[in-house]
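Work through the exercises below with the model open beside you. Each task is followed by a solution in steps.

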Amino acid sequence: MTSCYVVHEAPVRRVAIFGGTHGNELSGVFLVKHWQENGDEIQRTGLEVRPFITNPRAVKKCIRYIDCDLNRVFDPDNLGRQITEDIPYEVRRAQEINHVFGPKDSNDAYDLIFDLHNTTSNMGGTLILENSRNNFTIQMFHYIKNALAPECCPVFLIEHPNLKYATTRSIAKHPVGVEVGPQPQGVLRADILDKMRKIIKHGLDFVHIFNEGKEFPPCTIEIYKIMEKVDYPRNKNGEITAVIHPSLQDQDWQPLNNGDPIFLTIDGETINYEGDSTVYPTFVNEAAYYEKKQAFVKTVKVKLTAKGIRSSLS
């Protein structure tokens, strides 16, 4: 008998696994190309799973992007932009991806997209959540976290009234970001590859048993919610005047309190954090975010509760 605390969710039938959204983040590229050749590992009964290279030109050159960040252009303006000769490659590519896997915000969109990323920051195997009210995704993250325990698997919520990401995966009904590091750009590490591979395995296992009719009771997970992006100190010319302090380097997801060191100038001056409450930094000293003027992201730790779910066809 189904509990009154359980909501019926549509079964998940079409899943995509994106690699190469950023062409120099090689774990996803490596896995997706492997699965395109031999997909037995990612197949589940009753499920269509499609591995897909999202930014092939950037992958070929082993660079982040060609003209602009593909992971920031899945907004209505860019997806509806008229194609001209001077349109950025990634905007044209976004429209192509939206045509195949979307349209975004429509019933025809893919049910679930895993978007595979690497970071140079010490974030471990992080799951990125876009919607704090998506019961299915929260339940999946709860399942993955339990499957990986005791290994840590942080959940990063990027829902924010003023920070809009327009990610590649956002065209799906259930978008899932997978961010694994630390790994340098243009490099493969076996341990990072293994973490990413396990996350996808457990995610697909969850979808399979959900589709088969298993009821998942209400659950609560601890997540890190984005609050603010923090830039490096700069001079009047916009040049960086301090680096991440050694006490903060590699301390993603660790508590940062008022008075703790965050930056160190070339002259040896320490710049301390000023804040009224404890925050949890992440994307600390991420190489790709220098151009975005971002030294780290401040998050707060909160709990999210999902309703119980069951497939509507079971």
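**Exercise 1. A loop threonine**

Locate Thr-119, decide whether it is buried or exposed, and find what its side chain reaches.

Solution. 
- Step 1. Thr-119 sits in the loop that connects strand S4 (112–118) to strand S5 (124–129). The model is a predicted one.
- Step 2. The relative accessible area of Thr-119 is 1%. Buried means under 20%, so Thr-119 is buried.
- Step 3. The Thr-119 side chain reaches the backbone nitrogen of Ser-121, at 2.9 Å.

**Exercise 2. Length and setting of H5**

Check the span of helix H5 against its residue count, then describe its start and its buried residues.

Solution. 
- Step 1. H5 covers residues 135–148, which is 14 residues.
- Step 2. At 1.5 Å a residue, H5 should span 20 Å. The expected span is 1.5 Å times one less than the number of residues.
- Step 3. The end C-alpha atoms of H5 are 20 Å apart, so the model agrees with the expectation.
- Step 4. Now the start of H5. A side-chain oxygen of Asn-134 comes to within 3.2 Å of the backbone nitrogen of Phe-136.
- Step 5. Then burial. The buried residues of H5 include Asn-135, Phe-136, Thr-137, Ile-138, Gln-139, Met-140 and Phe-141. Ile-144 and Leu-148 are buried too.
- Step 6. An α-helix has 3.6 residues a turn, so residues three or four places apart point the same way.

**Exercise 3. The enclosed space**

How many cavities of 30 Å³ or more does the structure hold? Describe the largest cavity and the residues around it.

Solution. 
- Step 1. The structure holds 3 such cavities.
- Step 2. The volume of the largest cavity is about 200 Å³.
- Step 3. This cavity is lined by 20 residues, and the closest to its centre are Asn-71, Arg-72, Glu-179, Phe-283 and Tyr-289.
- Step 4. Sort the lining by class: 8 nonpolar, 6 polar and 6 charged residues.

**Exercise 4. Annotated positions**

Relate the UniProt annotations to the largest cavity.

Solution. 
- Step 1. The unreviewed UniProt entry lists Glu-179 for "active site".
- Step 2. Glu-179 belongs to strand S7 (residues 174–181). Its relative accessible area is 7%, so Glu-179 is buried. Glu-179 is also among the residues closest to the centre of the largest cavity.
- Step 3. The unreviewed entry gives "binding site" at Asn-71, Arg-72, Tyr-165, Ala-166, Thr-167, Thr-168 and Arg-169.
- Step 4. These positions span 99 residues in sequence, yet no two of their C-alpha atoms are more than 10.5 Å apart, so they gather at one spot.
- Step 5. From this set, Asn-71, Arg-72, Tyr-165, Thr-167 and Arg-169 belong to the lining of the largest cavity.
- Step 6. Place Arg-72 in the fold: it is in the loop between helix H2 (56–61) and helix H3 (76–79).

**Exercise 5. The largest pocket**

Give the volume of the largest pocket and classify its lining.

Solution. 
- Step 1. The volume is about 230 Å³.
- Step 2. The lining includes Lys-104, Glu-130, Ile-158, Glu-159, His-160, Leu-163 and Lys-164. Tyr-165, Ala-166, Thr-167 and Ser-170 also line the pocket.
- Step 3. By class, this gives 4 nonpolar, 3 polar and 4 charged residues.
- Step 4. Compare with the record. Tyr-165, Ala-166 and Thr-167 of the pocket lining are among the UniProt "binding site" positions.

**Exercise 6. Backbone checks**

Solution. 
- Step 1. Gly-102 and Pro-103 are joined by a cis peptide bond, with omega about 0 degrees. Pro-103 is in the loop between helix H4 (89–101) and S4.
- Step 2. The bond from Ala-149 to Pro-150 is cis, with omega near 10 degrees. Pro-150 is in the loop between H5 and strand S6 (155–157).
- Step 3. Asp-105 has a positive phi of about 65 degrees. Asp-105 is in the loop between H4 and S4, and at 73% relative accessibility it counts as exposed.
- Step 4. Trp-253 has a positive phi near 70 degrees. Trp-253 is in the loop between strand S9 (242–244) and strand S10 (261–265). With a relative accessible area of 7%, Trp-253 is buried.

How values were computed: Residues are numbered from 1 along each chain as its sequence is written. This is a predicted model: local features need pLDDT of at least 70, side-chain atom pairs count only at pLDDT 80 or more; totals for chains, interfaces and linings use all residues. Side-chain values use heavy atoms; hydrogens and water are left out. Helices (H or I, at least four residues) and strands (E, at least two) are DSSP runs, numbered from the N terminus. Buried means under 20% relative accessible area, exposed over 50%, partly exposed in between (1.4 Å probe, protein chains only). A polar contact is a pair of N or O atoms within 3.5 Å; within protein, one must be able to donate a hydrogen and the other to accept it, and residues adjacent in sequence count only if both atoms are side-chain atoms. On a 1 Å grid over the protein atoms alone, a cavity is a set of points where a 1.4 Å probe fits but cannot get out, and a pocket is an open set with protein on both sides within 12 Å along at least five of seven lines; lining residues have an atom within 4 Å of a point. Grid points are joined across faces, edges and corners, and a volume is the space filled by probe spheres set on the points. Ala, Val, Leu, Ile, Met, Phe, Trp, Tyr, Cys and Pro count as nonpolar, Asp, Glu, Lys and Arg as charged, and the others, Gly among them, as polar. UniProt positions are given in the numbering used here, feature names are shortened, and annotations may be inferred rather than shown by experiment.
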